[in-house]
Amino acid sequence: MTARGWILFAAMCVIWGVPYLLIKVAVEDVSPSMLVLARTGIAALLLLPIAAARKELRVLLPHWRPVLAFAAIEISLPWVLLGSAETRISSSLTALLIAAVPLVGTGIALVTVPRDRLTLDRALGLALGLVGVASIVGLGIEGASVVALVQVLLVAVCYAVGPVILQRWLSDLPPLGVIAASLGVSALVYVPITAVAGAGNAPSADALASILVLAVVCTAIAFLVFFALIAEIGPVRATVITYVNPAVAAVLGVLVLGEDFTVGMGVGFVLVLAGSVLATRPGRVREIPRRSPLEPAPTDT
């Protein structure tokens, strides 16, 4: 990796590790739906003109169905679930549980991709990951909201399915156009939702600052930096930030918000990372036979 690649990589590790803390601060005042509306609306206003100037929006029209599906699965649903979950549990716990996304993605691939096989590495990785999640939840918290934990699990599923939609149906389209359009659509969807659900209380200065940083830095600028990172080091290496972001979020939660960080959470996080690395490794020669293989439409993760 070049020096520029390392700088971009480090920037993304921090930029996408910060949102959990900012979400926690913002939902103290505004409702989760209002937060999504503000975040997507501001980011769309920044990115849509850039995408339009590059002529990256019109080409999306024939593919509007997968674009809408991607917007719903990658942005609209998980972001409101994150906001709602963080009204009940800490940002550190939320981030550590999201670290299981690669495990979920591997599980989805094993079920939906006929040629994928449950190798020994993957089986061990999934087992370690499950033990890690159990450690985070069972040993790292006391009396946490079951609803919030389910919401975070759904977020992990969404974040695992989103790239499948992107790679299967939108891989030939300009990524900035897809993201900008998805943000714009999400913002429009949350206008009536927020009108019905309510915007929450008048935001404090901290909440306003959190919303602005979420929208401008952690969304609009983040995607531009992420695309530059992919161009510099390739998509495979770029995905390694997935393993670093939760650690950054957990540290920030403890240092800035004074959240608890238990031994169970630390041990569980290490197990989840180890399991994710093993589960996402390329298949080996030795394989575990699978019973009654399923044959749905193939997808990639």
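Is Glu-232 buried, partly exposed or exposed, and what is its relative accessible area? Glu-232 is partly exposed, because its relative accessible area is 30%, where buried means under 20%, exposed over 50% and partly exposed in between (1.4 Å probe, protein chains only). The views below all show a predicted model, in which local features need pLDDT of at least 70, side-chain atom pairs count only at pLDDT 80 or more, and totals for chains, interfaces and linings use all residues. Residues are numbered from 1 along each chain as its sequence is written, and side-chain values use heavy atoms, with hydrogens and water left out.

**Figure 1. Overview of the helical protein chain.** The protein chain holds 13 helices and zero strands; helices (H or I, at least four residues) and strands (E, at least two) are DSSP runs, numbered from the N terminus. Of the 301 residues, 49% are buried. The accessible surface comes to about 14200 Å², with 70% belonging to carbon and sulfur atoms; these areas come from the Shrake-Rupley method with a 1.4 Å probe, and for residues only the protein chains shown count as cover. Contacts are heavy atoms within 4.5 Å. Among contacts between residues at least 6 apart in sequence, 91% join residues at least 24 apart.

**Figure 2. Salt bridge between Arg-4 and Glu-232.** A search of the whole structure finds one salt bridge, defined as a side-chain nitrogen of Lys or Arg within 4 Å of a carboxyl oxygen of Asp or Glu. The closest N and O atoms of Arg-4 and Glu-232 are 2.8 Å apart. The pair links distant parts of the chain, with Arg-4 in helix α1 (residues 3–15) and Glu-232 in helix α10, 228 residues apart. Arg-4 counts as partly exposed because its relative accessible area is 48%. Side chains of opposite charge can pair when their charged atoms come close.

**Figure 3. The largest nonpolar core and the surroundings of Leu-183.** A nonpolar core is a set of buried Ala, Val, Leu, Ile, Met, Phe, Trp, Tyr and Cys residues joined through side-chain atoms within 4.5 Å. The largest such core has 81 residues, and those with the most contacts inside it are Met-12, Trp-16, Leu-35, Ile-98, Leu-183, Leu-229 and Ile-241. Helix α10 (residues 205–233) gives the most to this core, with 11 residues. Leaving aside neighbours within four places in sequence, Leu-183 touches Thr-40, Ala-43, Ala-44, Leu-47, Ile-75, Trp-79 and Thr-219.

Figure 4. Beyond neighbours within four places in sequence, Ala-148 is in contact with Ala-85, Arg-88 and Ile-89. The C-alpha atoms of Ala-148 and Leu-81 lie 8.3 Å apart, although 67 residues separate the two in sequence.

**Figure 5. Ala-72 in helix α4.** Helix α4 spans residues 64–85 and includes Ala-72, which counts as partly exposed because its relative accessibility is 34%. Leaving aside neighbours within four places in sequence, Ala-72 is in contact with Leu-77 and Pro-78. Ser-182 is 110 residues from Ala-72 in sequence, with a C-alpha to C-alpha distance of 8.0 Å.

**Figure 6. Nonpolar surface patch that includes Val-251 and Leu-255.** Val-251, Leu-255, Val-256 and Leu-257 together expose about 370 Å² of accessible area. Patches are made of residues with over 30% relative accessible area and no salt bridge; like charges are joined within 9 Å, and nonpolar side chains (Val, Leu, Ile, Met, Phe, Trp, Tyr) within 5 Å. Leu-255 lies in helix α12 (residues 241–257) and counts as exposed, at 67% relative accessibility. Val-251 is also found in helix α12 and is partly exposed, at 45%. The C-alpha atoms of Val-251 and Val-18 are separated by 9.9 Å.

**Figure 7. Backbone of Lys-55.** Lys-55 has a positive phi of about 60 degrees although it is not a glycine. This residue lies in the loop between α3 (32–53) and α4 and is exposed, at 68% relative accessibility.

**Figure 8. Confidence along the protein chain.** The mean pLDDT, the predictor's confidence in each residue from 0 to 100, is 85, and 88% of residues reach 70 or more. Confidence is lowest in helix α11 (residues 235–238), at a mean of 66, and highest in α3, at 97. Over residues 284–301 the pLDDT is below 50, and this stretch has 38 contacts in the model beyond near neighbours in sequence. Where pLDDT is low, the predicted coordinates should not be read in detail.
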